[in-house]
Amino acid sequence: MIYLDYNATTPLCDQSRQAMLPYLDRYYGNPSSVHAAGREARAAIDDSRDRLAKLLGAKSHELIFTSGGTESCNLAVLGLARCPTSRGGHVISNKAEHHAVLNALEYLEKREGFEVTWLNVSRDGVIDLDHLAAAIRPETRLVSIMTANNETGVIQPMRKISCICRERGVLLHSDMVQSFGKIDTDLSLIDAASFAAHKFYGPKGAGLLFLRSGLSIQPIMFGGAHETGRRPGTENVAAIAGMAAAAEWMLRGSGGSPNRPDVWCQPPVAGAADEQERQKALRDELGAHVARIFPKAQQNGDPVCRLANTLNVSFPGFDSETLLMALDLEGVCASSGSACMVGSIMASHVLLAMGMSMERAKSAVRFSLGKQTSAEEIDRAAGAIARVFERFAKTKEKDRAYAVA
């Protein structure tokens, strides 16, 4: 199997697995219990929170543990928008966001009377900064813009976005699920940020929300005072420990500081920079193979300011579902975009938001690379893609022959 779907999920790293094992076996107490077993579990959560805060350049109490990226985005968007303020009910985002943000905003718009301004997105996938500046009003409560798109890998100009929001006193949330560990994470630019462990070689079912100190947020679930009353429910101790270990492995595996406030779209440490350059070279090699095999292929998204591991390509005349099934039969795992649609293959809402035709959006395939991707796998994947299109070509020739006959 050739796995080229790292943006959907990553394999669990050994460091994360080892960190989880004690809390799946010996240390099984409820972290809210006052006895010794509970205190052991609570100590693991506190330690993980401190380590993650240090990695992110945040304060420990600014991190809220959740079940993953979707909950973190929901909590940020719904919790901040609903928080009583002197402002009105206006929020700003764009239609290329992940559904965790998009659907939450649509709910506010349709069910709770909020007004949402949807920003224009260029053909390269970058939001219109002038439109953002003009859209902010006295009653604007929140702006939510993802740092890097999960389908195209396009990186937004977060520093400029932050400046616009700061000048106008508007809260800024960013979905950083795809960007963490791949580019620099500078939390000084935003007020809230969402993360998911399984995107950086940690366990599924664990995530966190950064919420700047001093900000209030309305909980979206009820039933307990966990996470200082912001997110109820018994914490997933093992997954939290695994998330902290995975984050450290991702950012500090080669030494160095993960925080470099002078840059935004750069890998966080020297070792990570080397790894991103390696993945970029492999991604570009795969793109060259695709262009040679299918000259009509069209790459989607900004060619420069995007994640080093992501290649989104449209194959005019074909549909994503057929291509993905054919690739799967060849042992290649790829995707048509978001992995959160429960197996459904639909035209990419991201590409449609970028102004692309329905045909181009419905023919897109996303290849995403990771730490385990090798040059040999890229060559094998290219061979598989070539065989798929050879079969398609033969099938079309047969269909034409039958039609003439």
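## Ground rules

Since the model is predicted, local features need pLDDT of at least 70 and side-chain atom pairs count only at pLDDT 80 or more, while totals for chains, interfaces and linings use all residues. Residues are numbered from 1 along each chain as its sequence is written, and side-chain values use heavy atoms, with hydrogens and water left out.

## The sheet

Let's start with the strands (DSSP runs of E, at least two residues; helices are runs of H or I, at least four residues, and both are numbered from the N terminus). Seven of them form an open sheet with mixed pairing, in the order β2-β8-β7-β6-β5-β3-β4. Two strands pair if DSSP finds at least two bridges between them. At the edges sit β2 (63–66) and β4 (115–119), each pairing on one side only. On average, neighbouring strands here are turned by 20° against each other, direction ignored; axes are lines fitted to C-alpha atoms, for helices over the stretch in contact, and angles run from 0 to 180 degrees between N-to-C directions.

Zoom in on β7 (residues 192–196) and β8 (residues 207–211): they run antiparallel and are joined by five bridges. Helix α4 (residues 99–111) lies across β3 (90–94), β4, β5 (140–144) and β6 (171–175), and runs at about 140° to β4.

## A buried arginine

Helix α2 (residues 36–56) holds R49. R49 counts as buried because its relative accessibility is 11% (buried means under 20% relative accessible area, exposed over 50%, partly exposed in between, with a 1.4 Å probe and protein chains only). Leaving aside neighbours within four places in sequence, R49 is in contact (heavy atoms within 4.5 Å) with R42, S60, L63, I64, F65 and E227.

## The cavities

A search of the whole structure turns up five cavities of 30 Å³ or more. On a 1 Å grid over the protein atoms alone, a cavity is a set of points where a 1.4 Å probe fits but cannot get out, and lining residues have an atom within 4 Å of a point. The largest cavity has about 110 Å³ of space. Among the 15 residues lining the largest cavity, K182, Y201, M250, Q276 and Q279 are the closest to its centre. Helix α9 (residues 270–293) gives the largest share of that lining, four residues.

The second largest cavity has about 70 Å³ of space. Its lining includes N94, E97, M146 and V350.

Note on methods
On a 1 Å grid over the protein atoms alone, a cavity is a set of points where a 1.4 Å probe fits but cannot get out, and a pocket is an open set with protein on both sides within 12 Å along at least five of seven lines; lining residues have an atom within 4 Å of a point. Grid points are joined across faces, edges and corners, and a volume is the space filled by probe spheres set on the points.
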